[in-house]
Amino acid sequence: MERFQYTRARTVPEAIGIAAQSTTAQQSAPIRFVAGGTTLVDLMKLDVERPTRLVDINHLGLNAIERTADGGLKVGALVRNSALAQDPAVMRDYRVLSEALLSGASAQLRNVATTSGNLLQRTRCMYFRNTAMACNKREPGSGCSAIGGENRTLAILGTSSQCIATNPSDMNVALAALEATVHLQGTKGTRAIAFQDFHLLPGDTPNRETVLEPGDLVTHVTLPPPRSGTTSRYLKLRDRASYEFALASAAVVVEVAGGRFRYVRLAMGGIGTKPWRMTAAEQALTGAPVDEATIRQAATLALRDARPQSQNGFKVELATRCLAHALRLATGMASV
Amino acid sequence: MSVVGTSVARKDGIGKATGAAKYADDLSIPGMLFGRTVRSTIPCGRVKRIRYDFDTTGFTIVDRRDIPLDGRNVVALIEDDQPFLVERDVRHVAEPIVLLAHADREKLLAADVIIEYEVEPPVFDPEASTESLKTLTIDKGHLDAGFAQADVIVEGTYRTGHQEHVYIEPNGVIAVPEDGGIAIFGSIQCPFYVVKALKSLLGPKAHVRVVQTETGGGFGGKEEYPSMIAGHATLLALKAGLPVKIVYDRTEDMIATTKRHPSIVRHRTGVKRDGTLVAMDVEVILDGGAYITLSPVVLSRGCIHAAGPYRCDNVRIRGRAMLTNTPPNGAFRGFGAPQTIFAIEAHMDRIAEALGVDPVTIRERNALVPGDTTATGQRLTADCSALPVLREAVERTDFRRKREALRGTNRGIGLSLFYHGSGFTGSGELRLASKAALELTDHGVRILVSSTEIGQGTRTMHAQIVAETLGIPYEDVDVAQPDTTLVPDSGPTVASRTCMVVGRILQRCAEDLKRRLGDLTPAEYYRAHGPFTIVREHEPPGWIQWDDETYTGDAYATYAWGCDVVEVELDADTCEVRPLHLTAVQEVGKAIHPALARGQIEGGSAQGIGYAIVEHVAMRDGVMANASLTNYTIPTTLDTPAMDIVLLENPYEDGPFGAKGLGELPMDGPAPAVINALRHLGVDLSEIPATPERVMSACGSR
Amino acid sequence: MRLTLNGAVTDVEAAPGRRLLDVLREECGLTGTKEGCGEGECGACTVLMNGQLVVSCLVPFAQAEGAEIRTIEGVGDHALQQHFMSEAGAQCGICTPGMVMTASTLSRDATLEDIRIALAGNLCRCTGYEAIYRAIQRARAATSA
């Protein structure tokens, strides 16, 4: 861990002003916001991140959960994961989000980790976390050790020849299915980014993970008003039952009417380089009858573009089954 | 009064429950520096050049040339082949090359040492390796004649991977210059192993004192490796003239230290139509890693247990431990037996399937009974309990009925029958000549042994044996902290020997002392006659005959026996394997402290469940790629099944109050029981861990 | 920086970016809180911050300013500690302080399932957790009796 300057920001503009001096808001940023610190302290200890200045944003407020004018929900950037998961409105109207949050990490971490921190959670790819190995995400141009290496847990969707790292967040998968909006404040004012546009594909610049520019501060996330009649569920498959990242997970929001899918939003985790919306499957399901054949076809369609690596071919089948089962859960075709 | 057989309060309980117990990293000595190990990054080759690319002011830097002239650059163990610091040849990733020490940890971590290598092609596949670390053959009867009697021949190949110990306290020691030599305080299973290694490093005349601090788990992982770390801290401390602490972080601990040997075991078994085993041909291959270390003994124990607890007149077991360019594999609870027992127990269910009988029947037909001989020709006596544990487990779980009832569901039930030899193999205990001592104190007695408390309950159980024998209250028995200048060498704390062997010596000490005390209590005797210490040496039973050349004879003084039944649930969609329930019936001679005995079985079983289902070391290019608790998973509360533990007692006549060794036994059973439960579900696996992808591909083929 | 440490208002001088774990162990002499992994996985470093469980290895010290921190040295749940001893819930003992901290937040009527879920962020390699459940259940039964 290298030495760094620690500043406690008192206002949002002050925080933004300091961070705007950074050369980047992405990997290796010299100036970093710190909220819960669970990701940053970890990566600094591993020497993966070496900021020279930390800006503590814990005292900026931004920790409320409020109804929006349109009946949706506004979640402050600093709302702790445990508080969000246990919020009555979330448990009632956005069950998939609560389930996703509770399926991640441990109680000790959820008590500290924040909404914006979770949004910006870094990959658990073992090569990213090991400075002795080549990794384009950590050090652009150094190569990708995971391609042809230990890639059992890595991505099968959205990969590039430069990077196959998986986005590890459970919360993000739920937010993708809920079509959340990420709200930023920066030097040029505020911006609202549709969730699916917030994270970037690795392409040739896997070090760039989000649209954030120097000075951009995530202030809150909004959820659209809950649709009446919808059911939402999160299903996560992993190697062990607690505190383990997903091999595959599915967030499902569905509305069924007259035996047919009327509204469907699907997203998956553990398999994509970013939280992955399954739009083709959504379209295939919408209007189709709720039955086993439809569900299987849609799940297969969802993984149609999967490009497995040397060790993670099983994830295609696993993810297909995961999505199908999540759909069964949400439609009451299965109970566990 | 009877203290043996009751669950008295642990001697170390309150210190641990309040956080007052001091582990190595909790100690700080004025002036202390922190040490760091600079390690190889290639698996095979030679060091060409070392460059120090930092301001070396304030640093202590040690390389191989700093080893004293009287000393040798070898970690003395079985063979003298592993250096403390690379001389020139690198045999594995993470091999120590240079040592640094500094008072400031941040400066220490930032120091950049650049090492240039000449790279050579490594070997990672033990079957492709041409260099064996040890080979052995066990021969009994006539294999060909046996196969000639067989109606059916069943073959199978079984594989297990590395397993990481994951003691929650990583390795760590502090070296303090003392009396012209060195004192070591550390997380250590075997203090006298460290003394031996340091006397080899510094020269036989050097002053060496080793003190075990509270140790946060070992499981074999702190058997041989602390000698290496202690050597490194010693070299730094002697050069700096200051105390030096080396505590590994989790990643370094996982990358550099030992693991369980991966294995490939091939079985070819001849069996009669009625289920009688008539010929067993077994090949055992262990991946030893880059140095010999303990591989010969691990191979030995693995091979001796490879035929399982079964009677067969014609057996051949051929074993070899092969050199590969990974860090040396080493001691881990069970010491080779979990690998070979996994193979034979998975194989027995295949044999049952081939014959169309159930898993209980095939085992009942062949289980060893008193009077039978093992693969090494050892004739078993009344303390053989294979059938009693099997019957108890089958009855208690209603195994046969349940197996029928579960048919067609997503639940399966499987069992394993196993045994584990207590103490060192063959004449090992005779060679060790372990000692233990008792000294009087002003209020009772104090136990002096080098056996370490690593969580298993050494202090408590030894104190119970002594209190019971002397007829004094448990509270009047103290246990000295293992300090090699104060306690005799009781042998290493390994091989399920601490209760049975060292406990027995203590019992003899107490018997002698009781005669000497006459009618006086220890405290009265102390006041009347002053200090008094009694020392006794282990006396192995005279009947033990063992031949190291032919691998025949009495391999162990006695065996503990177990039968595990595991029920699993398989999610047909997701291929997740969830262990629901484990019943462990284990015959341990006599449970000196039932709660601790039960704790050993519960903990060992959880490690076995992890080994079976979730624990996977991704060894890539000779290095553990998933070297963190994020990426190497062990069971949490939600992955561990409900457990029903049954202790059976069938006394071993030469153990203290009849006790056998039980520390390793529970590690042997869960993995095959899980795999057999999956076989009950129609999933044909012959490799652990049973990861979703393995289960999925096995499901696809059914 | 000022905080309330085990009930006492305490001034501690340490860099704001240091890990709370290191500050507790090295500046405050409270070595009962252990480091098992340094990445928030094992829970050995669990302490209470403002009544909530946190892994002190991932908490920057700055967050402790003005907070109420409680460690194993100040947990004061003697029944729980007593039963960890009597039920052999502690074997090697290195996970025990973290286990006790987590268990101290459980309600009296916690079921076995509640206990299992609550302890899922604390790893133990010795016990298979069974003796820990027994210790917690007995302690809860004793204090509610």
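Predicted model: local features only at pLDDT ≥ 70, side-chain atom pairs only at ≥ 80, totals over all residues.
Reader: Why is A:Asp197 called exposed?

Author: A residue counts as exposed if 12 or fewer other C-beta atoms lie within 10 Å of its own, and A:Asp197 has 11 C-beta neighbours inside that distance, so it is called exposed.

Reader: What makes strand E11 of chain A mostly covered?

Author: The word buried asks for 20 or more other C-beta atoms within 10 Å, and 7 of the 10 residues of E11(A), which spans 260–269, are buried, so the strand is called mostly covered.

Reader: How do you know that strand E10 of chain A and E11(A) pair?

Author: Pairing requires at least two bridges found by DSSP between the strands, and 9 bridges join E10(A), residues 248–257, to E11(A), so the two count as paired, and they run antiparallel. A:Glu255 stands opposite A:Tyr263 in E11(A). The two strands form a hairpin with 2 residues between them, and in the turn A:Gly258 has a positive phi of about 60°.

Reader: Why are strands E2 and E4 of chain C said to stand at the edges of their sheet?

Author: The sheet is an open one of 5 strands in the order E2-E1-E5-E3-E4, with mixed pairing. E2(C), residues 8–11, and E4(C), residues 52–55, each have a single partner strand, so one side of each is left without a neighbour in the sheet. Neighbouring strands of this sheet are turned by 40° against each other on average, when direction is ignored.

Reader: How do you know that strand E3 of chain C pairs with E4(C), and what packs on the sheet there?

Author: E3(C), residues 46–49, and E4(C) share 4 bridges in the antiparallel sense, where at least two are needed, and C:Leu48 has C:Leu53 in E4(C) as its bridge partner. Helix H3 of chain C, residues 96–104, packs on the sheet and touches E3 and E4 of that chain, its direction making about 35° with that of E3(C).

Reader: What makes B:Val674 stand out in the largest nonpolar core?

Author: That core has 383 residues, and A:Leu323 and B:Val674 touch the most other members. Contact means C-beta atoms within 7 Å, and B:Val674, with neighbours within four places in sequence left aside, has contacts including B:Gly414, B:Val566, B:Ile609 and B:Ala690. In soluble globular proteins, nonpolar side chains tend to be buried together.

Reader: Which residues make up the contact between chain B and chain C, and which element of chain B gives the most?

Author: Chain B supplies 42 residues and chain C supplies 37 residues. On the side of chain B, helix H1 (13–18) and helix H16 (594–613) are the elements that give two or more residues, and H16(B) gives the most, with 7 residues. By class, this side has 17 nonpolar, 16 polar and 9 charged residues.

Definitions and conventions
Residues numbered from 1 in each chain as written. Chains lettered and ligands numbered in written order. Contact = placed C-beta atoms within 7 Å. Nonpolar A, V, L, I, M, F, W, Y, C, P; charged D, E, K, R; others polar. Core = buried A, V, L, I, M, F, W, Y, C linked by C-beta atoms within 7 Å. Axes fitted to C-alpha atoms, helices over the stretch in contact; angles between N-to-C directions.
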